[in-house]
Amino acid sequence: MRTTLLAAIFLLLTGAAAEDSPRMLFAVSTFPATPNHAASSRIEPIARFHRVRYGPEKIEFLKLPDEEKLISDYYRTGTKYDVIRGGVPSGSITVLPTDNNACQPVEQPVKRDGNQTPRWRGTDAVAGESLGLGRRKSPLRAPTAAETRELLAIVRRLFAIKAVPADALANVKSENVVATDLNGDGRIDFIGSFVVHDARNTHNLFAVVMRDRTGALRADVIRYDRSLTTKDDLAAKGWTLADVEDFDGDGIDEIIVEGHGWEWWWYDILKLKREAEWEVIYSGGGSGC
């Protein structure tokens, strides 16, 4: 009896009894048809994750299996995975035989069924088997016209800080922008990418913009990149939004971003640690040419 009780206490303290099996998380990208290529969809790995009831975090993101195991275990032709976007099921994918169009073996062609996000650059959803992600209370949506005007005003100020010429700021374009409540406070926040061109440079900005208790917008996360020359591009690293999910069910979202380098890309996962402070809790996956 005493031995059983001690064993139960040990499991309680270590959290071993509360851990679930690791689940594989993939990024889903769909490319429109061009004059020379048919429309296609592909997946590539982001991370493995599992949930832990005890400890400082309720979710743990794990290192990916090696390439050979990843391909043999997860890329068998005909394997199906559920597709999720913003906590909402959006169809499924079926693994197709490997083709010669991938940059790396971990990038795999798939047949996609269901809804894809229109006018999206790069990854537009995540996928996996039995991900167990709950439906978020605040759906992902496009900003309204009024919200867009308010958001662009703060984005122009951020570009101005980076010395973007004033005469270019009227032509800021937005990409992959969503409106949603990220932290469950009932106020709508924004995530997205923005680009502006001047006579010499292309300026790129990724931002997470939150609304505070007074109703004012503040930029919590800023990732700025200027494309100037080929040499600059070799070192440039930018972010675009991939998806927003609540992996641990605590009502505060994790943001998945696709990082872009010179002919390579990866995934970072951001979590809100305290007000106005986001932290990268995982970095990995992706592919490259």
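In helix H3 (residues 145-161), the buried residues include Glu147, Leu151, Leu152, Ile154, Val155, Leu158 and Phe159; buried denotes under 20% relative accessible area, exposed over 50% and partly exposed in between, with a 1.4 Å probe and protein chains only. An α-helix has 3.6 residues a turn, so residues three or four places apart point the same way. Helices (H or I, at least four residues) and strands (E, at least two) are DSSP runs, numbered from the N terminus.

This is a predicted model, in which local features need pLDDT of at least 70, side-chain atom pairs count only at pLDDT 80 or more, and totals for chains, interfaces and linings use all residues. Residues are numbered from 1 along each chain as its sequence is written, and side-chain values use heavy atoms, with hydrogens and water left out.

Ala163, with a positive phi near 65°, follows H3.

An open sheet is formed by 4 strands in the order E12-E13-E14-E15, with antiparallel pairing. Its edge strands, E12 and E15, each pair on one side only. Two strands pair if DSSP finds at least two bridges between them.

| Strand pair | Sense | Bridges |
|---|---|---|
| E12 (residues 238-245) and E13 (residues 254-260) | antiparallel | 7 bridges |
| E14 (residues 264-274) and E15 (277-288) | antiparallel | 9 bridges |

Within these pairs, Gly238 stands opposite His260 in E13, and Trp265 has Ser287 in E15 as its bridge partner. In strand E12, 8 of 8 residues are buried.
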